[in-house]
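Subject: Structure handover

Hello,

Please find the structure below, with the sequence alongside. My notes on what was found in it follow.

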Protein chains: 2
Amino acid sequence: MAARGRRTGGGDTRAGIVEAARGLFAAQGFDGTSVRAVAREAGVDPALVHHYFDGKVGLFAEVIGVPAGIDDEIAAAVAGPPESVGERVVRTFLRVWDAPEGRARFQAMVGAVAAHEGAADALRDFVSGTVLTRLAAGAAGGEAFSELAVASAGAQLVGMGMLRYVVRLPTMVEADPEEVVALLAPNIQRLLAP
Amino acid sequence: MAARGRRTGGGDTRAGIVEAARGLFAAQGFDGTSVRAVAREAGVDPALVHHYFDGKVGLFAEVIGVPAGIDDEIAAAVAGPPESVGERVVRTFLRVWDAPEGRARFQAMVGAVAAHEGAADALRDFVSGTVLTRLAAGAAGGEAFSELAVASAGAQLVGMGMLRYVVRLPTMVEADPEEVVALLAPNIQRLLAP
């Protein structure tokens with residue numbers, strides 16, 4: 001969100017691209033929206049969209065409030081020794097969302113998804129096409145994860161985010177990140193690398 | 001939601017009580033709202049509030065869209081053999097929310113909580129004061145649960161609800177309830193009765 005408000009050189013162009021993308025993602029979903037169509041809608045060259053954003057995923061992440069580079073973060077968390085994948089995934093989630101700006105983004109994202117069919121569609125396509133595929137393929141120990149197991153692991157993290165950032169349940173808000181890791185990592189571990 | 005729309009004998013009175021409660025919960029939170037204050041605001045006798053609703057908890061559940069009797073459902077799930085508490089809790093969650101009306105309520109609740117500070121406050125007080133206390137006290141095997149462990153178990157369920165009812169991730173939507181139980185129950189079990 002902060003990045004959208006910042007107007008530097010070319011800020012109007014960048015903001016125009018984001019607005020065009022927001023409209024197209026809402027109307028046509030993630031799969032139905034191309035960088036070319038966003039560029040056309042914004043009246044700019046597609047190369048300019050690529051200049052400002054890391055392709056369609058980066059553009060969607062900007063629109064929905066997901067921090068840039070989230071899929072690389074996930075890939076990095078999944079890589080490494082399978083026996084500690086659960087711990088790395090929980091730490092990555094907390095690093096991305098636990099900062100004050102991250103909390104606000106999480107809440108905004110949940111609000112958008114609950115309120116607008118288009119935002120839910122777009123997030124669903126994004127998660128299915130990017131996060132889930134990446135996780136289901138990039139297995140701990142070389143084996144592919146089951147998509148439902150990956151989704152269940154994601155559910156543990158999404159729910160923690162709901163209680164920590166949106167509902168703000170005191171016990172979850174006040175918990176030290178290390179306590180959260182200690183409680184949740186074994187659940188994620190069990191689902192991703194049993 | 002359906003119950004609010006239904007106007008039977010005394011329906012206007014009932015609806016008036018719900019509206020008064022909605023305003024007070026939003027303005028003053030769950031703890032700061034009394035049945036007496038709701039009755040005063042609605043211009044009815046407190047006994048009438050108790051006639052229509054199961055006390056303040058029942059009234060709040062109605063306002064926020066939580067099915068009536070949720071705390072009894074939770075108590076029933078926690079009672080019984082500790083070694084299968086995880087399975088009972090997941091089954092209860094699915095029974096309450098998996099029906100079409102339940103799904104819509106879940107989405108409405110998430111939307112309200114993400115959009116309105118007052119709704120988040122009220123839900124937080126409700127969960128802290130009722131669900132969490134009940135669970136943390138009514139232990140499997142007689143031992144008290146840690147509140148953070150209970151909240152983490154709740155997070156697993158809330159996140160599953162987010163992906164199944166709000167984001168509607170295909171793999172989670174299409175999963176048979178029994179598959180969901182098989183994947184999640186061991187996580188809940190580990191947190192509630194390790």
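In chain B, helix 7 and helix 8 are roughly perpendicular to each other, because angles from 65 to 115 degrees are put in that class. The angle itself is roughly 95°, and the axes of helix 7 (residues 85-97) and helix 8 (residues 100-115) of chain B come within 7 Å. On the helix 7 side, the contact is made by B:Phe93, B:Val96 and B:Trp97. Helix 8 of chain B supplies B:Gly102, B:Arg103, B:Arg105, B:Phe106 and B:Met109. Sorted by class, the residues of this contact are five nonpolar, one polar and two charged.

Please keep in mind that this is a predicted model. The values in this email are computed from it.

Other helix pairs

Two packed helices are described by the angle between their axes and the distance between the axes. The pairs below are given in that way.

Helix 2 (residues 11-28) and helix 3 (residues 35-42) of chain B pack at an angle of about 120°, and their axes are 8 Å apart. These two helices of chain B are therefore oblique to each other. Helix 2 of chain B passes helix 3 of chain B in a right-handed crossing. Which residues make the contact between helix 2 and helix 3 of chain B? From helix 2 of chain B they are B:Gly16, B:Ile17, B:Ala20, B:Ala21 and B:Leu24, and from helix 3 of chain B they are B:Ala37, B:Val38, B:Glu41 and B:Ala42. By class, the contact of helix 2 with helix 3 of chain B has seven nonpolar residues, one polar and one charged.

In chain A, helix 8 (residues 100-115) and helix 10 pack at an angle of about 110°, with 10 Å between their axes. Helix 8 and helix 10 of chain A are therefore roughly perpendicular to each other. Their crossing is left-handed. From helix 8 of chain A, the residues A:Arg103, A:Phe106, A:Gln107 and A:Val110 take part. They meet A:Val158, A:Gly161, A:Met162, A:Arg164, A:Tyr165 and A:Val166 in helix 10 of chain A. The residues of this contact in chain A divide into six nonpolar, two polar and two charged.

Single residues

B:Gly16, one of the helix 2 contact residues in chain B, is partly exposed, with a relative accessible area of 31%. B:Gly16 and B:Ala39 are 23 residues apart along the chain, and 9.5 Å separates their C-alpha atoms.

Is B:Ala122 buried or exposed? B:Ala122 is buried, because its relative accessible area is 2% and the cut-off is under 20%. This residue is found in helix 9 (residues 117-137) of chain B. Apart from neighbours within four places in sequence, B:Ala122 is in contact with B:Phe25, B:Phe30 and B:Phe60. B:Ala122 and B:Leu24 are 98 residues apart in sequence, and their C-alpha atoms are 9.8 Å apart in space.

A:Arg168 has a phi near 55°, which is a positive value in a residue other than glycine. A:Arg168 is found in the loop between helix 10 (147-166) and helix 11 (170-173) of chain A. At 25% relative accessibility, A:Arg168 counts as partly exposed. In chain B, the phi of B:Arg168 is near 55°, and B:Arg168 lies in the loop between helix 10 (147-166) and helix 11 (170-173) of that chain. B:Arg168 is partly exposed, with a relative accessible area of 24%.

The chains as a whole

How many helices and strands does chain A have? Chain A has twelve helices and zero strands. Read along the sequence, the pattern of chain A is α-α-α-α-α-α-α-α-α-α-α-α. Of the 194 residues in chain A, 55% are buried. Among contacts in chain A between residues at least 6 apart in sequence, 65% join residues at least 24 apart.

How is chain A related to chain B? A rotation of 180° with 0.0 Å of shift along its axis superposes chain A on chain B, with an RMSD of 0.1 Å. That is the relation of a two-fold axis. The same surface serves both copies, since 100% of the contact residues of chain A recur in chain B.

Regards

Conventions. Residues numbered from 1 in each chain as written. Chains lettered and ligands numbered in written order. Predicted model: local features only at pLDDT ≥ 70, side-chain atom pairs only at ≥ 80, totals over all residues. Heavy atoms only, no water. Least-squares fit on C-alpha atoms with pLDDT ≥ 70 in both. Contact = heavy atoms within 4.5 Å. Helix = DSSP H or I, 4+ residues; strand = E, 2+ residues; numbered from the N terminus. Buried < 20%, exposed > 50% of the residue type's maximum accessible area, 1.4 Å probe, protein only. Axes fitted to C-alpha atoms, helices over the stretch in contact; angles between N-to-C directions. Parallel < 35°, antiparallel > 145°, perpendicular 65-115°, else oblique. Left-handed = near helix turned anticlockwise from the far one by under 90°. Nonpolar A, V, L, I, M, F, W, Y, C, P; charged D, E, K, R; others polar.
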